[in-house]
Amino acid sequence: MPLRIEDIIDKVKKYNQGSDSDLLKKAYLFSAYAHEGQLRRSGEPYLVHPIEVMNILADFKADDVALVSGLLHDVIEDNYSISLNDVENKFGKDVAHIVGGVTKISQLQDSSREKMEIANLRKLIVATLDDLRVIIVKLADRLHNMRTLEFLPPDKQKIKAMETLEIYAPIAYRLGMGILKTELEELGFQYSYKREYEEIAKAISEKRVYASNFIEKKKEEIENLLTEAGIKGFEVQGRIKHLYSIYQKMKMQDISVEQVYDYVAFRIITNSIMDCYGALGIVHTRWKPIPGRFKDWINMPKENHYSSIHTSVIADNGQPFEVQMRTKEMHKEAENGLSAHWRYKDKSHGRDDEEPVSVWLQYLKEWRDEAIGDSDFMKGVQMDLAPKEMYIFTPKGKPVLLSFSATCIDFAYAVHTEVGNKCIGARVGGKMTPLKTQLKSGDIVEVITSQHGKPSRDWLSFAKTSRAIGKIKAFLNKEERDKNTEMGRLMLEQEGHHYKISLKRILSHQNLEVILKKSGFVDIEALLVALGSNKLRAKTFLANLLKNTEQEETTQSKTESPKESDGSVVVLGSKDMLYSLAKCCKPIYGENVVGFISRGKGLIIHRASCSNVSKYAINPERMMPVEWDIKSKSNIIHPVKLEIYTEDRVGMMADVTGKVKELNTNLLDSRGKGMGSEGYIQIIVGVTDINHLNKLILAINNIKGVFKVVRSRSGRIT
Ligand code: MN
């Protein structure tokens, strides 16, 4: 018996009196017009599908915009004469946005099925970031397609089913829509793992008579125990667990279906949190709990807000069973999640108090904003969708939520980006452990960092969270870029010798702008990277640059001369050598330095720790030992940029600038920004010497909530 639109409208009226029935009918008629004459694979008129989708949305108590979108979600894809503009003109912007978001991109040329899927998912996610209802409509669409999957050929069934298990069920879970997630999982399991599904279904059906007897008896016993203890207004539900969750348990514990005893579960729904703990006490007093199975998600809710107490106990006959305890509100939220909070204002964009949803959307934003390749995008989305159900603790007892497969390196990055970037090892439960070690829930992990620590490429082989992977890749990319920039600079300098033109002259050449633009480089750095990575030959570039102005340039370059010594550096063995301070590391008075002789520029002074020093050291004949003249300490103020990594809290910037003033230091520039749970502050200070700088760094380091202070090579606020 097909659903009637009037019945759905009646259903909607029950939860939303303000619903506009005429609008819903208008959308229904438009959908009927658009799908006129089309059939589903089941042989039914196509219109059955959008009506079913609307009905599923009504089960979630969706608002009118979502209901209309459900009715119209396939009109563009299936009827070429209808455009998104038509939908917008008739039903408004919001509906058009949702319908546009769920409409697949039309087949691109030369693109594989996989590429199309990723492109469509990307589109869906981007649209969801503006309106959560996009993904809700998509989930309702997917649920009805899964319910009618039997009509598709087996190869298509499997593709859709896998996608449902990997993408859509986890999204439903993220949104806290427990009922929807379970149905998607059961259907997805049935079609993607046919043999396993049938095996488990058969085994469970053989136990069904025994199980329902057991459930009935135990349910009564639990009810009696709770009543005797004076707990009121509770409800006890008993059930056989879902087949997909049994399958996951088998896989995780590597056991066969005969070894599955743990397939019965009870739920005690109470009026108050106190009663949940009361019921837990009663259950644990009556039956022996199974060690390691107790989980208090009330005290520490899951990331999607899921709250319940879980425990497993053993009955007198040896039969294990699970018991969950939760309040009525928690129950409602666990079953319907988002829909339990749906709002009916005209501008409703999901919930306002949508903390768990916004956590997920935050992940999606990161994935959208980072311009990453398609396969990384998919991996990242899937990883972020994996439930995070493991609590790892810092030595100070702060819990950090991670997904199951997380390793020490994931934990380090979850604590702070800088902790990750500088980590060199970890202690788990007090024992030194390799970074690739997989963690267990409840582990106490201490990350060991070093000033000299930095990410290595092989970390990518065991980092599991998208956060860690993203941060490691970002670091490596930047490092590569810096290396190429430096290399490009050297190559250009080298090539310049042939033309007797200094690097400085090259980089300030009047033709540079035009040449950059012509060759498609956004800035000088892009040019240097291209040179450094051998994508462009310095010789070609320079010849091009100097084509018409060679004459003028070569004469000018001779007039350039390095800065004269002001006496603050003593060059051992050659007192009146000219020198200048290296731009790459900007040494300041009093610190360890080395000098390099550079043709045309005299002596360049680098910090001994400067990364360029090891590069120049290939030509030891150009190296000069130098030290600062203690007697002639100059009054030069050295501008130094500091990068400060902190927790993100109010007043952090004020504390930092306060410290700077306290130490009589000039603050030349500053900028702070919050990045989720982390803060990042840049300041430029004027210091007189290295002692002054060290004192300042130490003082800032001691401010509460400061993780790390780094002296930057760059001199600019970015
Ligand atoms: Mn559809």
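**Reading a Predicted Model**

Modeller: Let us begin with helix α13 (residues 208-228), which holds both Lys-219 and Glu-223; the two are four residues apart, about one turn of the helix. Please keep in mind that this is a predicted model.

Biologist: What do Lys-219 and Glu-223 form, and how far apart are the closest N and O atoms?

Modeller: The general idea is that side chains of opposite charge can pair when their charged atoms come close. Here, Lys-219 and Glu-223 form a salt bridge, with 3.4 Å between the closest N and O atoms.

Biologist: Which residue meets Lys-181 in a salt bridge?

Modeller: The partner of Lys-181 is Glu-185, at 3.7 Å from N to O. Because these two residues are four apart in helix α11 (residues 178-192), about one helical turn separates them.

Biologist: Is Glu-185 buried or exposed?

Modeller: Glu-185 has a relative accessible area of 13%, so it is buried. Lys-181, by contrast, is partly exposed at 21%.

Biologist: Where in the chain do Glu-77 and Lys-104 lie?

Modeller: Glu-77 and Lys-104 form a salt bridge, their closest N and O atoms being 3.9 Å apart. This pair links distant parts of the chain: Glu-77 belongs to helix α5 (residues 75-78), while Lys-104 sits in the loop between α7 (93-102) and α8 (113-130), 27 residues apart. Glu-77 is partly exposed, with 26% relative accessibility, and Lys-104 is partly exposed as well, with 39%.

Biologist: How many salt bridges does a search of the whole structure find?

Modeller: The search finds 30 salt bridges. Some residues are joined in a network of them: Lys-241, Lys-249, Asp-262, Arg-293 and Glu-322.

Biologist: How should I read a sheet? What is the order of the strands in the open sheet of three strands?

Modeller: In general, strands of a sheet pair through backbone hydrogen bonds, either parallel or antiparallel. In this open sheet of three strands the order is β10-β9-β11, and the pairing is antiparallel. Strands β10 (431-433) and β11 (445-449) stand at the edges, each with a single partner strand, so one side of each has no neighbour in the sheet. On average, neighbouring strands are turned by 35° against each other, direction ignored.

Biologist: How many bridges join strand β9 to β11?

Modeller: Five bridges join β9 (residues 423-428) to β11, and the two strands run antiparallel. As one example, Gly-425 has Ile-448 in β11 as its bridge partner. Helix α19 (residues 408-415) packs on this sheet, touching β9 and β11, and its direction makes about 105° with that of β9.

Biologist: Let us consider the backbone angles. Which phi does Lys-61 have?

Modeller: Lys-61 has a positive phi of about 60°, although it is not a glycine. Lys-61 lies in the loop between α3 (48-59) and α4, and its relative accessibility of 39% makes it partly exposed. Lys-500, also not a glycine, has a positive phi of about 55°. Lys-500 is found in the loop between α21 (466-499) and α22 (503-507). At 56% relative accessibility, Lys-500 counts as exposed.

Biologist: How many helices and strands does the protein chain have?

Modeller: The protein chain has 29 helices and 20 strands. Of its 718 residues, 49% are buried. Among contacts between residues at least 6 apart in sequence, 67% join residues at least 24 apart. The chain exposes about 36400 Å², and carbon and sulfur atoms supply 53% of this area.

Key
Residues are numbered from 1 along each chain as its sequence is written. This is a predicted model: local features need pLDDT of at least 70, side-chain atom pairs count only at pLDDT 80 or more; totals for chains, interfaces and linings use all residues. Side-chain values use heavy atoms; hydrogens and water are left out. A salt bridge is a side-chain nitrogen of Lys or Arg within 4 Å of a carboxyl oxygen of Asp or Glu. Buried means under 20% relative accessible area, exposed over 50%, partly exposed in between (1.4 Å probe, protein chains only). Contact means heavy atoms within 4.5 Å. Accessible areas come from the Shrake-Rupley method with a 1.4 Å probe; for residues, only the protein chains shown count as cover. Two strands pair if DSSP finds at least two bridges between them. Axes are lines fitted to C-alpha atoms, for helices over the stretch in contact, and angles run from 0 to 180 degrees between N-to-C directions.
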